[in-house]
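Subject: Handover of a structure and notes on its contacts

Dear colleague,

I am handing over to you the structure shown below. Please look through it before reading the notes that follow.

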2 protein chains.
Amino acid sequence: MHESRSEAPVGQDRGPAFDLAIDGGIVVPVRPAHAVLDAHTVLVRAGRIEAVLPTAGTLDLDVRERVSLPGHLLMPGLVNLHAHAAMTLMRGLSDDLPLMRWLQEHIWPAEAKFVSDAFVEAGTRLACAEMLRGGITCFNDMYFFPEAAARAVLQSGMRASLGMIAIEFPTAYATDAEDYLARGIATRDALRGEPLLSFCFAPHAPYTVSDQTFSRIRTYAQQLDAPIHVHLHETLQEIADSEAAFGMRPIARLDRLGLIGAETIAVHAVHLDERDIDTLARRGAHVAHCPSSNLKLASGFCPVARLAEAGVDIGLGTDSAASNNRLDLFSELRLASLLAKAVSGSAEALPAFAAVEMATLGGARALGLDNRIGSLEPGKAADIIALDMSAIEAQPCYDPMSHLAYVAGREQVTDAWVAGRRCLKDRRPTLIDTDSLAAEVALWQARLGAHADGRG
Amino acid sequence: MHESRSEAPVGQDRGPAFDLAIDGGIVVPVRPAHAVLDAHTVLVRAGRIEAVLPTAGTLDLDVRERVSLPGHLLMPGLVNLHAHAAMTLMRGLSDDLPLMRWLQEHIWPAEAKFVSDAFVEAGTRLACAEMLRGGITCFNDMYFFPEAAARAVLQSGMRASLGMIAIEFPTAYATDAEDYLARGIATRDALRGEPLLSFCFAPHAPYTVSDQTFSRIRTYAQQLDAPIHVHLHETLQEIADSEAAFGMRPIARLDRLGLIGAETIAVHAVHLDERDIDTLARRGAHVAHCPSSNLKLASGFCPVARLAEAGVDIGLGTDSAASNNRLDLFSELRLASLLAKAVSGSAEALPAFAAVEMATLGGARALGLDNRIGSLEPGKAADIIALDMSAIEAQPCYDPMSHLAYVAGREQVTDAWVAGRRCLKDRRPTLIDTDSLAAEVALWQARLGAHADGRG
C-alpha cells in the first residue's frame, strides 16, 4: 500500500490525482469529534483517504471516478468487535431457552455434527453479505476453521480480524489447546500478506481455557503483537464458578496471568465490581459490548456509562446470529445508547456521538487498527459507508448525529467501500453472488433443520 | 359494513364471492395462538376476513382480485398502543437531556410556539406514512387538535383511536380541563360515523390532571363506553410527588377515583410494586409498554414478565418520535422481548409468540377492538400486513415466529391493508403523496429549526 500521507490533496506524477471522489450530502468523519460536515467530499487514492473537503472545492480536481450521493451521509464503516460469523447458519435455530439448555441441547450438538471447513466458509459468507449490507466493513471473529472464514472474507472484500481460537476440548477443527494454537498460528502465517486480514488470539473463556494455555497465549501474543479476544464476565455463574475453582473472579485470575492489558478485548463484561473496572481501566484493556446478546441470553446489563467514565475503551459487537439474531450494528449502537441511559439513570449517558464513536473508532482501537480505520482522516484506509437519509422515516432531520444514533436503520446503508474498493453498491454486495449464496444457505438449512427435528 | 360472519367461504348472490385473496408463503394469524401456516391464503369480502385457507384449495374460487406474495409472511397489522403522532415533526429536535430539561427547555417551548391545527395534521400525516411503512395499521394517539389528526388518519386509510385529551393548563387548543373535554367530545360526535376511527379519553397524567377532572372523565367514559388512556408511573419522581401531594401512589389515587378498570390503558407503568400490579390485574387494566422511550428518557425498566404472569394485558407503544425516535413497532417488539429476559433474569421470559401477540392482539384488547382487529380470523376486519422474508438477512429461517420477534425489521414490510383496502403497496403508501409530504415537512423543519437555533 501507498505509504505517503497528505493533509491536503496533492498532484501526482502519473494519471489522475485521485482514484475516487465520493460526494456526500453530509459527512460524519468521527474525527474531529462531533463534526458534521455539510456538502463535503471524501477523496481517495491508492485505497487511502487523501482529504475530506467541501465538495465545491473539489469539482475541478483530476479524479478517476466520482460518485455523487446527494441526500446521503458518509461515515467510517462500522467495526463489529465481536462475532462468530459462521454461526449465522444457526440463526434462530433455537431461542427463548436458558443459556445452558440452549448450548447443551441445541447449539453444541448442531456444532458437533455440522461444523467443518465448508460450514464455516458458507456461514461466514452469509455473515459478510449481511454485515456489508448493514454498513459493517470490519469484524472481529472467533470461530473454528479461521482459514475457511478467511476465504469468505477475502471474497467479500471486507476487512476482518480472525481469531486464533483456543479451548481445552476437541472439535472437528483441533484436538487440544496446543493443536488449536498451532493451527491458528499456521493460518496467520499463511495469510500474513493479506492487507485486509489481521489476527487475534481467541482463548474462548475463563471456564474453557486453563491457566497453562492462557500463559502460553500471553507469550505468543507478545511475540506476535496480537490482540487477545476473550469472553469475560458474561454471567454471574461464570464468576461464581471461578471463585469456587480459583478463589478469585475471572478478571483477577487473568490479570494475575498477565492476560489483562492494552491488547485485551474483554467480550461482554456484564458483571463488574469496582475492582474489575479499575483493573480494566489501569491496564488499558478494551470491552466489546454486545447489548442484544446480553439481553437475549438474560446475562444482564453491562455498566457502559461507568466503564466509559473510568476511561475504558469500548467497542460494539453483534455476537452470533444464534443469540442476537441480527448482525446489525446500527441496532446495537442505538440499544447501547438507550440502555446506558436507563442503567445509569441518566438521560445524558452515552449521547449520540459517543455511541457512534464506539461503533467505529472504539472498535478500531480495540483491534489495534485505529491508525488505519475508524474515522475518515487523511492517511487512513478508505473504509467508508453511505446512508440514504432521504426516506420519510428520517424526516425531519435537525441533527444528523442524533439520527445516526436514534433513527438510522441498517436498511438506509446503500454503499460501502473497503480500502477504496466498492464492496456494496445500491444495497447489493458487489463481490458476493447473493443468489448462489441463498441457495447454499438453503441446503445448510435443510440439513440443520432435519437434525433439529430429529431430536424432537 | 357487512355483518354476517362465516367460518368457511360461502357463495354470494351477486358478483364474485370474494373481493380479495392474498396468497402468502406463510401466514401467522395470531389466533390460533402459535400457528404458523405454510402456503395459506387470506380471503376477504366487504372489508372483512372470510377465511384463512390452504392456497391450493382457493385457486378455483371466484375472486375479484388476487395478490400473490410468494416468499412473504402475512400477519395482522400491528397496533401501536401509545403515540403522540403529531410530534413526529420534532423527531430528534433534542436528545440526551434529563426529562425535565428536555421538556422545559425544548419540547414545551416548541409546542407553545408551533402547535396548531396545521401542525397536527402535517405531523400526523408524516407519522401515518412512517407507521404504515413499518406495518402499523392502527394507533392510539394522545395529542391536541384530534380533529386535525383525524383528517390525516382518514386520508392515509389507517385505523386509529384518537385521544380526547385533558390537562389543567391552557394551550392553543383549549383553555382548561372542561374546555379540553368539550372539544374532544365534540370531535368524537362529529366523527362517529367513521368506521376506522374510535376515541379514548386521554387525561394526560396524574401530575397534570386534578381529581375533579379524573372523576368527570370516569363518568363520561362510562356513558360513552370509551377507554381511558393515561400516562402512569413513568418515573420515580411522579410517584414521590404523588405521595407528597396525595399521600398515596398514583395508581392508588386513580383507583380510589374509579379510574383503574377494564377501560384503563396505563402507559409506561415502569415503577410498580406488588400492590400496584395486583390493582392493575384485579381491575383488568391494560398496560401500554414503551420500551425505547423508557430507556431513552432514563425512566427505567417496566416489569413486563411480572405483569404478564399476573395476567395483565400488555400492548406495545412507540411513544412520540421526540423520545424514541423511530415509530417502529418491530423494534419495540424485539426490544420488549429482549428486555423482559434481562430484567426477569430468565431467557424464557416473553418468548417470540408472546411478543408478537402483544404487538397485535394485546394492543387491540386494550382498545376494546379485539372483536375487530388483532388477529386474522373470520369475521374480523382485513387489517393485514405482508413482510418480505426473502432478504439475505432473514436466511436461514427455521421458525418464522422467531424471525418476527428477533430478526424482522420494519423494512421487510411491503404491503398493508386496512379493512381490506390496500394502504401500502411495494413499500409505498397508496393514499399519501410522500413527495408533497416531504416538502411540507421540510417547511416545518425550517421553522422549528430556526426557533431552536434562536434559543441556542
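The notes below describe what was found, beginning with the contact between the chains and ending with individual residues.

Please bear in mind throughout that this is a predicted model.

**The interface of chain B and chain A**

The size of an interface is often given as the accessible area lost when the parts come together. For chain B and chain A, the area buried between them is about 5000 Å², and 60% of it is on carbon and sulfur atoms. On the side of chain B, the residues that lose the most area to chain A are Ile392(B), Glu393(B) and Tyr398(B), which together account for 16% of what that side buries. In terms of residues, 62 from chain B and 61 from chain A take part in the contact.

The polar side of this interface can also be counted. There are 26 residue pairs in polar contact between chain B and chain A, both members being at pLDDT 80 or more. Several helices of chain B each supply at least two residues of the side that touches chain A, namely H2 (117–133), H9 (291–296), H11 (329–344), H13 (400–406) and H14 (434–455). By type, the residues of that side of chain B comprise 33 nonpolar, 14 polar and 15 charged.

Six salt bridges cross the interface of chain B and chain A. In one salt bridge between the chains, the side chain of Arg326(A) meets that of Glu411(B), at 3.8 Å from N to O. Both residues also belong to a network of salt bridges, in which Arg91(A), Glu130(A), Arg326(A), Asp328(A), Arg410(A) and Glu411(B) are linked.

Asp328(A) and Arg410(A) form a salt bridge, with their closest N and O atoms 3.9 Å apart. This pair links distant parts of the chain, 82 residues apart: Asp328(A) is in the loop between strand E12 (313–316) and helix H11 (329–344) of chain A, and Arg410(A) is in the loop between H13 and E14 of chain A. Are these two residues buried or exposed? Asp328(A) has a relative accessible area of 2% and is therefore buried. Arg410(A), with a relative accessible area of 3%, is buried as well.

**The two domains of chain A**

The domain assignment divides chain A into domain 1 (18–77 + 375–425) and domain 2 (78–366). Their C-alpha centres lie 28 Å apart, and the contact takes 28 residues from domain 1 and 31 residues from domain 2. Together the two domains of chain A bury about 2400 Å², of which 66% is on carbon and sulfur atoms.

Between domain 1 and domain 2 of chain A there are four salt bridges. The side chains of Arg31(A) and Glu357(A) also meet in a salt bridge, at 2.5 Å from N to O. The largest share, five residues, comes from H13(A). That side of domain 1 divides into 19 nonpolar, five polar and four charged residues.

**Other salt bridges**

Over all chains, the count comes to 62 salt bridges. Arg125(A) pairs with Glu440(A), the closest N and O atoms being 2.8 Å apart. Arg125(A) is buried, at a relative accessible area of 13%, whereas Glu440(A) is partly exposed at 26%.

In chain B, Asp278(B) forms a salt bridge with Arg282(B), with the closest N and O atoms 2.9 Å apart. The two residues are separated by about one helical turn because they are four residues apart in helix H8 (residues 274–283) of chain B. Asp278(B) is partly exposed, with a relative accessible area of 36%, and Arg282(B) is exposed at 53%.

**A buried asparagine**

Asn80(B) is in strand E5 (residues 78–83) of chain B. Its relative accessible area is 0%, so Asn80(B) is buried. The side chain of Asn80(B) makes a polar contact with the side chain of Thr318(B), at 2.9 Å. Beyond residues up to four places away in sequence, Asn80(B) touches several others, including Met131(B), Phe139(B), Leu316(B) and Leu329(B).

With kind regards

Technical notes
Residues numbered from 1 in each chain as written. Chains lettered and ligands numbered in written order. Predicted model: local features only at pLDDT ≥ 70, side-chain atom pairs only at ≥ 80, totals over all residues. Heavy atoms only, no water. Contact = heavy atoms within 4.5 Å. Buried area = accessible area lost by both parts, 1.4 Å probe. Polar contact = N/O pair within 3.5 Å; in protein donor to acceptor, adjacent residues only side chain to side chain. Nonpolar A, V, L, I, M, F, W, Y, C, P; charged D, E, K, R; others polar. Buried < 20%, exposed > 50% of the residue type's maximum accessible area, 1.4 Å probe, protein only. Domains from an automatic or database assignment.
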